[in-house]
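Please read them with the structure open.

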Amino acid sequence: MTHAWLFTGPPGSGRSLAARAFAAALLCDRQGCGECVSCRQVKAGAHADVLLVRPDGLSYGVRQTRDLVLKAAASPVYGRWRIVLFEDADRCTEQAANALLKAIEEPSPRTVWLLCAPYADDLPTTIRSRCRLVTLVSPRTSAVTEVLEREGIPAERARAAALAAQGHIGRARRLATDEEAARRRAEVLRVPGLVGSLGDALRAAAGLVKAAGAEAAAATEELDEPEREALRRAFGEGSTGKGVATALRGGAGALRDLEDRQKSRATRLKRDALDRALLDLAGFYRDVLAIQLGASVELANEVRSDELREQAATAGPGDTVRKVEAIMRCRQRLEANVAPLLAVEELTLALTG
Ligand SMILES: [Zn+2]
């Protein structure tokens, strides 16, 4: 049995779901029936022998990793394996990765590490070389469309969302079912048509950052409130009697911890939303380029073919490539912590030419 596995695949390819199914199979008496108590617990993230790690913030630190390594080394509660499912393992800091490496080099006999990351290269070679690699690919548009249709979404809408999401099924589902999300995406895709003058470019930049901010705020609120509510319930808010006062004092500390974690997650969601907006924009210009070159590929923005053709007619393929490069540069700048509005303004100015 290999003690360390690395699941890779682009965002939305379902790498953590695949890892979870694998964990269920390892613990199930029938190799992952999907129906027994053990399988259902793993699926719900409630199995005592599966440690789920999901970094909330931009990075995962060494202290957290050392705690995790200790917990991972304990014997399984119910038998076969103790499994650590580590999502976004690429967010480990260098020190954290070193702590992780030690655990993987000398694994406890009953511990299995399942690491998830977008690409194998995202992890240090030392860790990668000790893992067995499971590579997932993005599902095709037709497959995503089919899943959405099965969920009751009308065919045309399902296909447009699947194309727009470029293989990311969660994103496709959201675009097909959440009008606000679809509207914000449309807002982002207005940028190419807006940039004409200096003032237009700056206004477009502000609009883009705002749309991404709204997207992140919606996602943040959806996650935050249920967590606060669960914590309040756990600490017995609303009940009376002996011990409640003590519990509530403990609750205040836990609430502060939760708020810190939520804050760092909000930062990450904001960055992710802006990055996705930029990828949507890059997808638009990729479509423009495909039209300019007469390539017969699926267009992510098929429904906007008029705008695509208009853009394709106004400049040459060289210009379009430069625009895509400017978007990629902007993503790198954001990754390096440049102020979002500044980086995006640079971009929209570059798009103006
Ligand atoms: Zn089972």
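In which helix is the place of Arg 184? Point 1 takes this up.

1. Arg 184 sits in helix α9. The model is a predicted one. With a relative accessible area of 7%, Arg 184 falls under the 20% limit and therefore counts as buried. Apart from neighbours within four places in sequence, Arg 184 is in contact with Ala 211, Ala 214, Glu 215 and Ala 218.

2. Arg 184 also belongs to the lining of the largest cavity. The structure holds 1 cavity of 30 Å³ or more, and the largest cavity contains about 80 Å³ of space. Among the other lining residues are Arg 171, Arg 185, Val 188, Arg 276 and Asp 280. Ala 211 and Glu 215, which are contacts of Arg 184, are in the lining as well.

3. Which helices each supply at least two residues of that lining? They are α9 (179–189), α11 (198–234) and α12 (244–293). Sorted by class, the lining has 6 nonpolar and 6 charged residues, with no polar ones.

4. The zinc ion has as its protein donors the SG atoms of Cys 28, Cys 33, Cys 36 and Cys 39, which lie 2.3 to 2.4 Å from the ion. In sequence, these donor residues follow the spacing C-x4-C-x2-C-x2-C.

5. Why is the arrangement around the zinc ion called tetrahedral? The 4 donor atoms subtend angles of 103 to 116°, and the arrangement is tetrahedral because all of these lie between 85 and 135 degrees. For comparison, the ideal angle for four tetrahedral donors is 109.5 degrees.

6. Is Cys 39 buried or exposed? Cys 39 is buried, as its relative accessible area is 3%. Cys 33, another donor to the zinc ion, has 25% relative accessibility and so counts as partly exposed.

7. Two loop residues deserve a check of the backbone. Gln 166 lies in the loop between α7 (155–165) and α8 (169–177), and its phi is near 50°, a positive value in a residue other than glycine. Most residues other than glycine have a negative phi. With a relative accessible area of 41%, Gln 166 is partly exposed.

8. Asn 337 is the other residue to look at. Its phi is near 70°, again positive in a residue other than glycine, and its place is in the loop between α14 (317–335) and α15 (340–352). At 58% relative accessibility, Asn 337 counts as exposed.

9. Gly 196 is found in the loop between α10 (191–194) and α11. Its relative accessibility is 52%, so Gly 196 counts as exposed. Gly 196 and Arg 185 are 11 residues apart along the chain, and their C-alpha atoms are separated by 20 Å.

10. Some totals for the protein chain follow. The chain has 15 helices and 5 strands, and of its 353 residues 40% count as buried. Its C-alpha atoms fill a box of roughly 70 × 50 × 45 Å, taken along the principal axes. Among contacts between residues at least 6 apart in sequence, 70% join residues at least 24 apart.

Key: Residues numbered from 1 in each chain as written. Predicted model: local features only at pLDDT ≥ 70, side-chain atom pairs only at ≥ 80, totals over all residues. Heavy atoms only, no water. Donors = N, O, S within 2.8 Å, 3.2 Å for Na, K, Ca; no water. Tetrahedral: all angles 85-135°; square planar, octahedral: opposite > 155°, others 65-115°. Buried < 20%, exposed > 50% of the residue type's maximum accessible area, 1.4 Å probe, protein only. 1 Å grid on protein atoms, 1.4 Å probe; cavity = no way out; pocket = protein on both sides within 12 Å on 5 of 7 lines; lining within 4 Å. Points joined across faces, edges and corners; volume = space filled by probe spheres on them. Helix = DSSP H or I, 4+ residues; strand = E, 2+ residues; numbered from the N terminus. Nonpolar A, V, L, I, M, F, W, Y, C, P; charged D, E, K, R; others polar. Contact = heavy atoms within 4.5 Å.
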